[in-house]
Amino acid sequence: MTLNSQEVVQKVSSHLAAHPNATLQIVAEKLGITGRDIEQILRVVEGASFEEFQENKRMALALRFLETRGSAASAPYEKNRVQPRFIVPGTTVKYKVHSLWIRKPGFSNPCPLVDLSREGLSFLADYAPKSAKLVSLLLKVPGREAALRVDGNVAYAVATGIAGYRYRVGVQFRPFAERSGCN
């Protein structure tokens, strides 16, 4: 079976839409071509490796889901919140967990922001930091060049299946100043 490059990209994209965490080997077997061929085609047509292409597709799928679901995606958690949360379409979060034992350099890959309030936020991730862990967050809002950095503590991490992301992580912001009421 011979496929042109555009067909391969379309078929890989279609397969990843249905199975966001599929491996290169699984996609290659499904399409009946080698993983190396898929990598080469994606680099030429999309300018990205399979992993980059897959992550971009997962992010787009998650952001589209969150935009269409709106506040309904947050509904199970609303009863515990003092402040209303807002959806900021297209916003991503990078996070770094602070630990005495584990030294991971830098921040995570971008993760989709679910919602945001004065007191905290929630985002989708593949890794669930433990409750109460200190995290640093970089929020990247579309149309703004610089990312906003805030610190907080993990409030919860629950399993989810949105676009292949394994967890929804809630973070409560740390005070921005020493005195009371500064958040």
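Analyst: A cavity here is a set of points, on a 1 Å grid over the protein atoms alone, where a 1.4 Å probe fits but cannot get out; its lining residues have an atom within 4 Å of a point. Grid points are joined across faces, edges and corners, and a volume is the space filled by probe spheres set on the points. The model is predicted, with local features requiring pLDDT of at least 70 and side-chain atom pairs pLDDT 80 or more, while totals for chains, interfaces and linings use all residues. Residues are numbered from 1 along each chain as its sequence is written, and side-chain values use heavy atoms, without hydrogens or water.

One cavity reaches 30 Å³ or more, and the largest cavity has a volume of about 50 Å³. Its lining is made up of Leu-63, Leu-66, Glu-67, Ile-87, Val-88, Pro-89, Gly-90, Thr-91, Leu-113 and Val-114. Seven of these lining residues are nonpolar, two polar and one charged (Ala, Val, Leu, Ile, Met, Phe, Trp, Tyr, Cys and Pro count as nonpolar, Asp, Glu, Lys and Arg as charged, the others, Gly among them, as polar).

Helices (H or I, at least four residues) and strands (E, at least two) are DSSP runs numbered from the N terminus. α4 (50–69) and β2 (111–116) each supply at least two lining residues, and α4 gives the most, with three. α4 also lies across β1, β2 and β3 (120–125), at about 20° to β2; axes are lines fitted to C-alpha atoms, for helices over the stretch in contact (heavy atoms within 4.5 Å), and angles run from 0 to 180 degrees between N-to-C directions.

These strands belong to a closed barrel of six, in the order β1-β2-β3-β6-β5-β4, with antiparallel pairing. From one strand to the next the twist averages 45°. Pairing requires at least two DSSP bridges; β1 (residues 92–97) and β4 (residues 134–140) have six, in the antiparallel sense. Lys-94 stands opposite Leu-138 in β4.

The C-alpha atoms of Leu-24 and Glu-51 are 8.2 Å apart. Helix α2 (residues 24–31) packs against α3 (residues 35–45) at about 100°, with axes 8 Å apart, so α2 is roughly perpendicular to α3 (65 to 115 degrees). There, Leu-24, Val-27, Ala-28 and Leu-31 meet Gly-35, Ile-38 and Glu-39.

Notes: 1 Å grid on protein atoms, 1.4 Å probe; cavity = no way out; pocket = protein on both sides within 12 Å on 5 of 7 lines; lining within 4 Å. Parallel < 35°, antiparallel > 145°, perpendicular 65-115°, else oblique.
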